[in-house]
Amino acid sequence: MTDPDLGASGFDRIHEAEQSPQVCLMWSARKWLILGACLVMLAGLGWLDYLTGYEMGLFIFYSLPVGIATWYLGRWPGLAVSVASALTWWLADRTAGQVYSSPFLLYWNNLIHIGCFFINALTINKTRQLFDRQLVLETRLREQEADLARLREAASSAVDPLFGP
């Protein structure tokens, strides 16, 4: 994420580093708690989906843990929760007795679900990156406005050497 006007800020480098799978091993307790909450939410959704049966679709609710994981944990955890969401949905329908007339339909539905979850995760990740970048730019703008105000104050209080005090 480099901008020709701004260059690669320290924030950009940190944010990109947080997206790598290796960083997942060094997470804080808060991040593990968020991931655990997303998985518990998925388990609850799977159970509710099983209880309501395969005829009642709860597909959209599976996007909630995907969104939470992506917003707070990053792209890779969001994609991992996307896979977990698709598997949970499949398992709930399978145990509820869903039978497909063709194996192709089973694969197709699973592919569509995981594709939608991936799109959600990637879109939310990009939105978060843009939001974070906007915060950095707003901070820089406030700092530069304060510098400009100080320069104006200094310029207005300076003595003009040609016309005197």
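Modeller: Here is a walk around helix H4 (residues 75-95) and its neighbours.

A word on the ground rules: this is a predicted model, so local features need pLDDT of at least 70 and side-chain atom pairs count only at pLDDT 80 or more, while totals for chains, interfaces and linings use all residues. Residues are numbered from 1 along each chain as its sequence is written, and side-chain values use heavy atoms, with hydrogens and water left out.

For context, the chain has five helices and zero strands, which gives the pattern α-α-α-α-α along the sequence. Helices here are DSSP runs of H or I with at least four residues, strands are runs of E with at least two, and both are numbered from the N terminus. Of the 165 residues, 28% are buried (under 20% relative accessible area with a 1.4 Å probe, protein chains only; exposed is over 50%, and partly exposed is in between).

Let's start with H5 (residues 103-157), whose axis comes within 9 Å of the H4 axis, crossing at roughly 150°. The axes are lines fitted to C-alpha atoms, for helices over the stretch in contact, with angles from 0 to 180 degrees between N-to-C directions. H4 and H5 are therefore roughly antiparallel (over 145 degrees; under 35 is roughly parallel, 65 to 115 roughly perpendicular, and the rest oblique). The crossing of H4 past H5 is right-handed, the term for a near helix turned clockwise from the far one by less than a right angle, with anticlockwise being left-handed. On the H4 side, the contact uses Arg75, Gly78, Leu79, Ser82, Val83, Ser85, Ala86, Trp89 and Trp90. H5 answers with residues including His113, Ile114, Phe117, Phe118 and Ala121. Contact means heavy atoms within 4.5 Å. Sorted by class, this contact has 11 nonpolar, seven polar and one charged residue. Ala, Val, Leu, Ile, Met, Phe, Trp, Tyr, Cys and Pro are the nonpolar set, Asp, Glu, Lys and Arg the charged one, and the others, Gly among them, are polar.

Next comes H2. Its axis gets within 8 Å of that of H4, and they cross at roughly 20°, which makes H2 roughly parallel to H4. H2 also passes H4 in a right-handed crossing. From H2, Leu35, Leu39, Leu42, Gly46, Asp49 and Tyr50 meet a set in H4 that includes Val81, Ala84, Ser85, Thr88 and Trp89. Eight nonpolar, four polar and two charged residues make up the contact of H2 with H4.

Then there's H3. The axes of H3 and H4 come within 8 Å and cross at roughly 165°, so H3 is roughly antiparallel to H4. The H3 side consists of Pro65, Val66, Ala69, Thr70 and Leu73, packed against Pro77, Gly78, Val81, Ser82 and Ser85 of H4. This contact has six nonpolar, four polar and no charged residues. Ser63, Pro65, Val66, Gly67, Ala69, Thr70 and Leu73 of H3 are buried, and their cover includes H2, H4 and H5. After H3 comes Gly74, with a positive phi near 115°.

How do these pieces come together in the core? The largest nonpolar core has 18 residues; such a core is a set of buried Ala, Val, Leu, Ile, Met, Phe, Trp, Tyr and Cys residues joined through side-chain atoms within 4.5 Å. Helices H2 (29-52), H3 (63-73), H4 and H5 each give two or more residues to this core, and H4 gives the most, with six. Leu42, Tyr62, Val66, Ala69, Leu73, Val81 and Phe117 have the most contacts inside the core. In soluble globular proteins, nonpolar side chains tend to be buried together.

Tyr62 is worth a click: leaving aside neighbours within four places in sequence, Tyr62 touches Leu42, Leu45, Gly46, Asp49, Ser85, Thr88, Trp89, Ala92 and Phe117.

One last stop is the loop between H2 and H3, where Gly53 sits.
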